[in-house]
Amino acid sequence: MVTVGRVARWGGRLLAALGDDVRRFRATVGRRQSTEPTLRVYDLSFPHGRRRLHLRTAADGSAVLLVDATDAIHLNPTAAILTRLALESTPVDRAATLLRSRFRGVGRDTARSEADKVYALVDRLTSDTDSCPTCGLTDIEWSPPFSVPVSAPYKADVALTYRCNNACPHCYSQHRNNSLSALRAPLSPPQWHDVLRRLSEIGIPHVIFTGGEPTLVEGLEDLIRTAAGLGLVTGLNTNGRRLSERRFAASLRAAGLDHVQVTLESHRPEVHNAMTGADSFGQTNHGIHNALDEGLYTITNTTLTRKNIDHADKIVEYLHQLGMRTFAMNSMIYTGGGQTSDDAVSVERLAPVLADVRDCAAELRMRFLWYTPTEYCRLSPVELELGPRRCNAGEYSICIEPNGDILPCQSYYVPAGNLLRDPWEHIWQSELFGSFRRRVSDPRGAGLPERCWSCPDLAVCAGGCRIEREHLRKAIDCKATFLSSAASDDGKAVSPRG
Ligand code: SF4
Ligand code: SF4
């Protein structure tokens with residue numbers, strides 16, 4: 001069986017090759033000692049661009065084929081074998097023969113037709129085409145979004161530092177620089193290279209350098225070069241200020257950087273500067289121009305708060321004028337500075353703004369990515385036609401902190417271990433990561449509120465953002481404590497003395 005799905009939507013499709021016969025596969029080739037998946041990279045160059053395929057094989061022989069780290073095709077063991085043979089240009093009749101020798105009782109015609117099916121898929125994925133290579137695939141069965149379990153994440157955010165040349169009041173990593181965990185020795189440059197190699201060994205095909213502000217770290221280009229040399233898709237999340245140095249932008253491109261996301265909070269300089277706590281508008285804009293001129297795949301991200309929500313549609317028009325064709329937006333994350341900021345807007349207020357932004361983007365033929373996973377019963381991204389959006393922490397995505405600690409996501413500051421010190425299996429199977437991955441199969445055990453347990457949207461919502469839920473719970477607990485202590489103070493005031 002083969003499953004296809006867009007990683008962005010975490011959907012899936014299924015294509016069968018000889019059925020899902022894991023037991024026969026094990027009987028033939030035995031079980032690998034390591035439970036870590038194996039990552040193989042196929043880098044394709046075309047006259048007008050490049051495509052990367054990652055074939056990640058799990059210990060049970062099943063695999064996932066990732067197309068440019070955005071589309072996931074899940075493969076059962078037999079399909080995994082055929083896919084590898086096809087990607088390595090083994091003639092199809094030879095592949096059919098190999099299949100028969102490995103799986104007893106498979107007829108010649110069956111083996112050939114299964115091989116033809118997988119080879120046709122691989123042929124399509126490896127052909128030069130302007131259109132989406134995974135769209136309109138036939139012979140493939142859809143599986144519901146987020147329904148296929150993963151053996152390792154698809155993406156790692158690599159927070160190289162928590163230092164920053166901006167000071168956004170709502171920043172989720174604000175305060176983290178002084179936290180106990182971050183005060184432990186940050187990794188040295190050689191250790192960061194080890195981190196990248198380790199991520200590749202674990203089978204994670206996509207890394208995003210982030211922070212803090214990652215462009216403040218000496219040797220960023222070398223890290224990008226190492227990641228690219230390992231065949232990983234590389235991205236950079238930045239405030240864009242250092243990209244205003246054209247030579248620096250060019251050096252990132254030359255090192256092999258695949259994509260950049262620049263934070264731009266508003267087209268109004270005074271709003272952008274207020275939201276970034278620095279006189280940064282000019283450099284950020286210049287940086288965006290340089291990134292685009294260098295041919296880097298560039299998008300922007302904007303956090304919607306009380307300061308910019310009234311002109312969100314004008315920001316979209318401005319981005320279009322800048323030459324941007326894809327942009328992202330998110331809402332406040334309730335951690336770091338976001339915990340105490342008064343600038344958060346409610347999802348009820350967000351909904352009509354998101355509809356306007358969506359329409360504005362459609363009119364300008366732009367692609368709008370809405371990042372924030374919300375509780376569907378309050379704001380459904382599906383009803384807003386923004387596509388399914390679900391928290392991917394500890395499951396499809398992880399974050400490495402500046403000292404090598406591993407977080408479920410970049411904003412949930414509870415480590416599950418350290419990438420360079422602890423076995424990956426312990427981290428991946430930790431109670432913390434497990435509680436993120438069990439949200440749908442065991443919502444009660446994973447700490448979701450009772451209203452979620454039998455909710456029809458649970459699979460795509462997973463209860464929204466855990467940080468927001470814990471933030472609200474804390475606020476309610478604080479209020480309750482305050483009220484009860486106020487009541488007992490009142491009680492004391494009327495108590496007779498002595
Ligand atoms: S899973 Fe929970 S938060 Fe999500 S829509 Fe259902 S009740 Fe709301
Ligand atoms: S817990 Fe999930 S939804 Fe919340 S910030 Fe982290 S990744 Fe996003």
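Which helix holds Ala80? Ala80 is found in helix α2, residues 77–87. The model is predicted.

**Ala80**
- Ala80 has 26 other C-beta atoms within 10 Å and therefore counts as buried, the cut-off being 20 or more.
- Leaving aside residues up to four places away in sequence, Ala80 touches Thr57, Gly61, Ser62, Ala63 and Leu75.
- Between Ala80 and Arg56 the C-alpha to C-alpha distance is 9.1 Å, and the two are 24 residues apart in sequence.

**Helix α11**
- Helix α11 spans residues 312–322, and its buried residues are Ile315, Val316 and Leu319.
- Viewed down the axis of α11, these buried residues fall within an arc of 100°, so they line one face of the helix.
- Gly323 follows α11 and has a positive phi, near 105°.

**Ligand 1**
- The residues surrounding ligand 1 are Glu375, Tyr376, Cys377, Arg451, Cys452, Cys455, Asp457, Leu458, Cys461, Gly463 and Gly464.
- Two or more residues of this shell come from each of α15 (450–453) and α16 (458–461).
- Sorted by class, the shell around ligand 1 contains six nonpolar, two polar and three charged residues.

Note on methods:
Residues numbered from 1 in each chain as written. Chains lettered and ligands numbered in written order. Predicted model: local features only at pLDDT ≥ 70, side-chain atom pairs only at ≥ 80, totals over all residues. Buried ≥ 20, exposed ≤ 12 C-beta atoms within 10 Å, placed from the backbone. Helix = DSSP H or I, 4+ residues; strand = E, 2+ residues; numbered from the N terminus. Arc of directions from axis to C-beta. Near = placed C-beta within 6 Å. Nonpolar A, V, L, I, M, F, W, Y, C, P; charged D, E, K, R; others polar. Contact = placed C-beta atoms within 7 Å.
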